[in-house]
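Good morning, colleagues. Please look at the sequence and the model, which I shall now put on the screen.

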Amino acid sequence: MKTMEPRAREEVSQSDQTHTSMRTDCQGMPPLTARLEPWMTAPGTISQLHRLVQEYDSPLNLIHTDPFLRNIDALYQVAESHQVDFDVYFARKANKCLAFIDAAHSRGCGIDTASENELHQVLEQQVPSEKIICTAAVKSEALLQACIVSGTTVAIDNPDELSRTALLSARLDRQAEIALRISGFQHDGHKLPSRFGFDIEKILPLLRDLQQSAPNTLQTLNLTGVHFHLDGYSQAQRISAIRQLLPLVDQLRDMQFPIRFIDIGGGFPMSYLDSETEWNEFWMIHKQALLDRQEPLTWQNHGLGLQRVEDRLIGKPHCYPFYQSLVQADWFNGILSALYETGTIASALRKRTLQLRCEPGRSILDGCGITAARVESRKQQSNGDWLIGLSMNRTQCRTSSDDFLVDPLLIPAMDESPLPRTPPGTSGFLTGAYCTESELLCLRKLQFARGVGIGDLIIFPNTAGYFMHFLESRSHQFPLAKNLVYYPQTGEYHLDAIEAP
Ligand SMILES: *Cc1c(COP(=O)(O)O)cnc(C)c1O
């Protein structure tokens, strides 16, 4: 014991030191400091990373399912504290790795699928069909058939889908399990616009019409749930939507539809940063820069959604809100605690014996992934900025929003390169492998306290939710990044099953 103790302390301080220098060696100007999970910067991970990138090539995605399970458990705990019957259906389009499906299944959760291949893969992982929903935006006959044959619930988006599902299920002589996707909720005096789902004011007349004119259509369908998924991360909008759905559930039950659940979709918010101050300061300075009152913070003074018109700025940030104060389980708790009828939304669900379902993707992948890429070149622009070329393209850490507003980390090369590092304090931009002028991996200017060398690794933290896979492409015939799963028992990384031929 006596000899163990000082060594343990030494290891901790050494890892703290690595941890700090990984951050200070690559920092935004100004910094947007990433929230990290211990596994991401554990000495065991860092010491293997160069070897793994050598073996599997750059960029490389590393994932870990423990934080995923922790995030899911936190949601179940909230529901349990309100005694609400509750199930998570993980929206797997947010990350393609099968490890997350297995992890969700091991907890008894369901999976939300968005395409025929996603559905088949989930069925192949032995997830039972009553734990699968299909919310694909457009559904081919082959997909509808696969849902009906497997017993997967289809979230029906429109009248054509409803009729085609009914026809198919008559042909297959098998009832289809369906839920109705609803939209057009009133909120704050406005109707929330959406391209998805049936308008809440039109769905009952439509069903009454069908009951009269085509009763056979409805007989082949087992309508057991109502569903919505809203754009954005507003808690208040979801509370409005649930308050409008509960009376609809009552009316559907009056019409003899056996409604068992309401499904509130995803969009649970998360934070990539700990510091609200950093986040606000970044935007404050960025706005000054766009008005030419300050050095640009972004590549060619990119607005990130804001635009200068004379002496003012118009538009909205076109980026995920990387810092949010109310997130995940606390945000969810606020929904269940919201007032409704004489009690809360939770008590209204209990009273109706309704199951509450949700389909989070991004937020339950918080803490579950990193993307590592190798530095191949450095060159200085005539204005002094450095361009750091990485073996990676921008679809490999990108969503539909303008930028990844989280500082990457830097791990120096293991072997000394014959080419010297750039000078300490070098600043500039990370550039990618697609041959367009706009191919930047981060639009923000970064500073490298100890310079940058060939063979250094840049780590993009917390990329499991969407960033790794949502937009990844194979342009120029680059192969897709490999995905490795962390096994904490052995400290080893192995290919995710999605990589199997
Ligand atoms: C994308 C999507 C989700 C997941 O949304 P997150 O923002 O990742 O939580 C859930 N349900 C549907 C229908 C979706 O399209």
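The second largest cavity holds about 30 Å³ of space. By cavity I mean a set of points, on a 1 Å grid over the protein atoms alone, where a 1.4 Å probe fits but cannot get out; lining residues have an atom within 4 Å of a point. Grid points are joined across faces, edges and corners, and the volume is the space filled by probe spheres set on the points.

This is a predicted model, in which local features need pLDDT of at least 70 and side-chain atom pairs count only at pLDDT 80 or more, while totals for chains, interfaces and linings use all residues. Residues are numbered from 1 along each chain as its sequence is written, and side-chain values use heavy atoms, with hydrogens and water left out.

Which residues line the second largest cavity? They are R35, L36, E37, M40, D366, G367 and N462. This lining comprises 2 nonpolar, 2 polar and 3 charged residues. Here Ala, Val, Leu, Ile, Met, Phe, Trp, Tyr, Cys and Pro count as nonpolar, Asp, Glu, Lys and Arg as charged, and the others, Gly among them, as polar.

The search of the whole structure finds 2 cavities of 30 Å³ or more. The largest cavity contains about 40 Å³ of space, and its lining includes T135, K139, D157, R181 and F196. By class, that lining has 4 nonpolar, 1 polar and 3 charged residues.

I turn to the largest pocket, a pocket being an open set of grid points with protein on both sides within 12 Å along at least five of seven lines. Its volume is about 1500 Å³. Of the 47 residues lining the largest pocket, H229, L230, D231, G232 and Y233 lie nearest its centre. The lining has 22 nonpolar, 17 polar and 8 charged residues.

What takes up the space of the largest pocket? The ligand does, in the sense that more than half of its atoms lie within 2 Å of the pocket's grid points. Around the ligand are 13 residues, with K93, G267, E359, R362 and Y466 the closest; a residue counts here if one of its heavy atoms lies within 4 Å of the molecule. This shell divides into 3 nonpolar, 5 polar and 5 charged residues.

Finally, the polar contacts, that is, pairs of N or O atoms within 3.5 Å. A polar side-chain atom of K93 is 2.8 Å from an oxygen atom of the ligand. For D112, a polar side-chain atom lies 3.4 Å from a ligand nitrogen atom.

How values were computed: A polar contact is a pair of N or O atoms within 3.5 Å; within protein, one must be able to donate a hydrogen and the other to accept it, and residues adjacent in sequence count only if both atoms are side-chain atoms.
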